[in-house]
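The following exercises concern the fold and packing of one protein chain. Please work through each task with the structure at hand before reading the solution.

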Amino acid sequence: MKKLFYEDSHKTTFSARVTGCREAEKGFLITLDATAFYPEGGGQACDLGALGCARVLDVQEKEGEIFHLCDKALPVGLLVEGRIDWKRRFDLMQQHTGEHILSGIIHDRYGYANSGFHIGAEVLEVDFDGPIPAEDLPELEWAVNKAIWENVPVKCYVPSPEELPAVPYRTKRALPWPVRIVEVKNYDLCACCGIHTKHTGEVGLVKLLSCVKFHQGVRIEMVCGSRALKLMSAIYDQNRQVSAAFSARPLETGEAARHMNEVLSQEKYRTVATQKKYFSLLAEKFRNTGLAVCFEEDLAPAGVRELSSTIAEVCGGVAAVFSGQDGTGYSLCLAGEATQVKAIGTALSANLSARGGGKPGFYQGNAQANKAEILSFFENYLG
């Protein structure tokens, strides 16, 4: 079986004869005497496309044979035309070649090995076996894109057994011959089974997204080619909206956002202070009432808890605060003397299907009841 994807990574159509077809769990496994479909391997996803009228759903290599999982059966002996999903193929080649450039530069500068990589649906993850300061990323990104702009050739070949020992390729472990070498002129020399662009210029653009600690080294997230353009376009569109919202220039939105955060923090402090004053004034209505039942609109659970605590300090018993509306239920909090709080909480659960809990002296939760039912419960409880 000829591996046409190694002969020409840009081949999008080919003709081949069906050598086998058997039914599988999710379709039909078809083998050919030649294929341009790259099987999943080496961190790179497989090609998709079509074989005649059959859609190719997956491609895997097992024991030297390449199996094409298709949605239809094809008769053995049929000469069939294969069509590669070029958009997918080119995207994967852009990601993989961009990874080689970055890994080669990092190996040259730091001496680290690429300990693993994976081309995901959105981003490419590359792992290295040593630390890389996050502040080094901008310069590394510039170096990778410089290699792209130089448009140097990407050469893939298999050295002879005699030539291989003299090839200083980077690898995680010693490999037996045959070893396929990917050479990015001046930037990388690596053993690799994947498929790549013919020149670095085809990668287009690389954007490094993050660098985080991973095991004893780091994991870098990146995007290349069309993915990088798509991401940067989406970020630009979001920044344009932020720019309009803040009335700030596109390159000044960060400062505008920081200023807005400061303003919001100041307003939050003022709001909290005002709320505390309001709660104190409201609590005076319940001074020395024993059991205080209070309904207050539009309070978050933290506000319900704070108001109940404030009222409990002056009512001389238990404060029961509710916030919500009929039909959707009420957030509630009981605060005060621990024994009474526990007893009322138990009664609420039994009579109003309330749910909640808390430490002694507090019961916080919610009740799916209307205001009239809640007031009736307390009238009867006091009764």
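**Exercise 1.** State how many helices and strands the chain contains.

*Solution.* The chain holds eight helices and 20 strands. Here helices (H or I, at least four residues) and strands (E, at least two) are DSSP runs, numbered from the N terminus. The model is predicted: local features need pLDDT of at least 70, side-chain atom pairs count only at pLDDT 80 or more, and totals for chains, interfaces and linings use all residues. Residues are numbered from 1 along each chain as its sequence is written, and side-chain values use heavy atoms, with hydrogens and water left out.

**Exercise 2.** Compare the radius of gyration of the chain with that of a compact globule of 383 residues.

*Solution.* First, the reference: a compact globule of 383 residues would have a radius near 21 Å, by the rule of 2.2 Å times the number of residues to the power 0.38, taken over C-alpha atoms. Next, the chain itself has 33 Å. Finally, the C-alpha atoms fill a box of roughly 95 × 50 × 40 Å along the principal axes.

**Exercise 3.** Describe the closed barrel and the pairing of β2 with β8.

*Solution.* Six strands form the barrel in the order β2-β3-β7-β6-β5-β8, with antiparallel pairing; two strands pair if DSSP finds at least two bridges between them. From one strand to the next, the twist averages 45 degrees. Strand β2 (residues 13–24) and strand β8 (residues 79–84) run antiparallel and are joined by five bridges.

**Exercise 4.** Determine how helix α2 is oriented relative to helix α4.

*Solution.* Helix α2 (residues 86–110) packs against helix α4 (residues 225–246) at an angle of about 90 degrees, with the axes 7 Å apart. Axes are lines fitted to C-alpha atoms over the stretch in contact, and angles run from 0 to 180 degrees between N-to-C directions. The two helices are therefore roughly perpendicular, a class covering 65 to 115 degrees. The contact (heavy atoms within 4.5 Å) involves D91, L92, Q94 and Q95 of α2 and G225, S226 and R227 of α4.

**Exercise 5.** Locate D298 and decide whether D298 is buried or exposed.

*Solution.* D298 lies in the loop between β16 (291–295) and α6 (301–315). The relative accessibility of D298 is 75%, so D298 counts as exposed; exposed means over 50% and buried under 20% relative accessible area, with partly exposed in between (1.4 Å probe, protein chains only). Across the chain, 42% of the 383 residues count as buried.

Key. Parallel < 35°, antiparallel > 145°, perpendicular 65-115°, else oblique.
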